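Please read the following note beside the structure.

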Amino acid sequence: MSEQDELMAEAFAHLEAGDPESALEVGKRLESMQYSGAYEVQAMAYADMDEMEQAVAVLEAGVAHAPGVWLLWQLLGNYRSDLGRFPAAIEAYEAASNCAPDEDLVIVDFNHANALARHGNLASAQTRLDRVLESPHLAQAGRTFIENAIALRMHLFNAQGEPKAAIATYEALHKHEAGDEGSNVSMADVVAELSLAYKQSGENDKALASALEAVQLYKWSDAALWALRAARDAQSDTAHAMHLIVEGQWYEPLEDEDPDGPAPEFVTTYDVVADDAEEALRLIAECEPPQVRESLRIVETHPIDHEDESPTPYKGVYATGDYHMYQPGEEEVD
């Protein structure tokens, strides 16, 4: 392994460990070696630090230095898209397509389609996504990637008022034999789109059941939480937004600590719109594993001022935090 390869591995290890500052230092060392991967590392580090403008600036310098490196163009497209600069993002994806190997074009095309969808160009997004799903290299991209592509296709059908096509897309995915396991994260988005399709079709019971399934797959999915609020379609003039700190008892020991030890307790957070704390706790319980629901308790409640939102937003969960696990008697993590 070359020195540059070793430094790239070190930088990615820092990023994986949540240490973008150290990754940035390694990236600058790589830049001094005139290595193109330096720009990728530095941009990802800046993005992890929420310095998106700096991340884009680094990548723009990177593609000027190494215009034939498709990964830099693609990452530039992703970050421009995140900043809402869709025409510029699409230019970057087109440049990436011109230099990416055939087997990697599915990845570029997917991100290109996603940017077009976010920009509201639904027909062009559908055309670009067709290239992804018809690619001979799709299978090697893996089940999770395929699920993400299916979720986007279903989203496009739903956005264009074609819920039956979205449902058919979901059913076709389940008929497809999986060569490997997918991801709860990507599958939650798929099932969320299924819920929205059922809602559009007037099948409200199926919409609610699918939305509940989606949040059980991955409760941090914005699409799943939105689908559950939409399925309920519940509003109230007396509802208000609350930030809640919630405690509970986990249902099994943590394998990475002591697999034979006691199950830990946990603390987490939720942003909820509800009439009162009792209703909020019922809504929160739907997002948690069934085994912990009886143990849930709200320990703090703080009002949230949502001036920019409708005075009567949908009731439901809007955001949920990470779990902080601890053993009884230990000090809780803030």
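How do the residues of the lining of the largest pocket divide into nonpolar, polar and charged?

1. The lining divides into 7 nonpolar, 4 polar and 4 charged residues. Here Ala, Val, Leu, Ile, Met, Phe, Trp, Tyr, Cys and Pro count as nonpolar, Asp, Glu, Lys and Arg as charged, and the others, Gly among them, as polar.

2. This is a predicted model, in which local features need pLDDT of at least 70 and side-chain atom pairs count only at pLDDT 80 or more, while totals for chains, interfaces and linings use all residues. Residues are numbered from 1 along each chain as its sequence is written, and side-chain values use heavy atoms, with hydrogens and water left out.

3. In the lining of the largest pocket there are 15 residues, and N114, A151, L152, D189 and A223 lie nearest the pocket's centre. A pocket is an open set of points, on a 1 Å grid over the protein atoms alone, where a 1.4 Å probe fits, with protein on both sides within 12 Å along at least five of seven lines; lining residues have an atom within 4 Å of a point.

4. The chain is divided into domain 1 (3–173) and domain 2 (236–326), with bounds from an automatic or database domain assignment. Their centres, taken over C-alpha atoms, are separated by 33 Å.

5. A search of the whole structure finds 0 disulfides, a disulfide being a pair of cysteine sulfur atoms within 2.5 Å. C99 is partly exposed, at 25% relative accessible area, whereas C287 is buried, at 3%. Buried means under 20%, exposed over 50% and partly exposed in between (1.4 Å probe, protein chains only).
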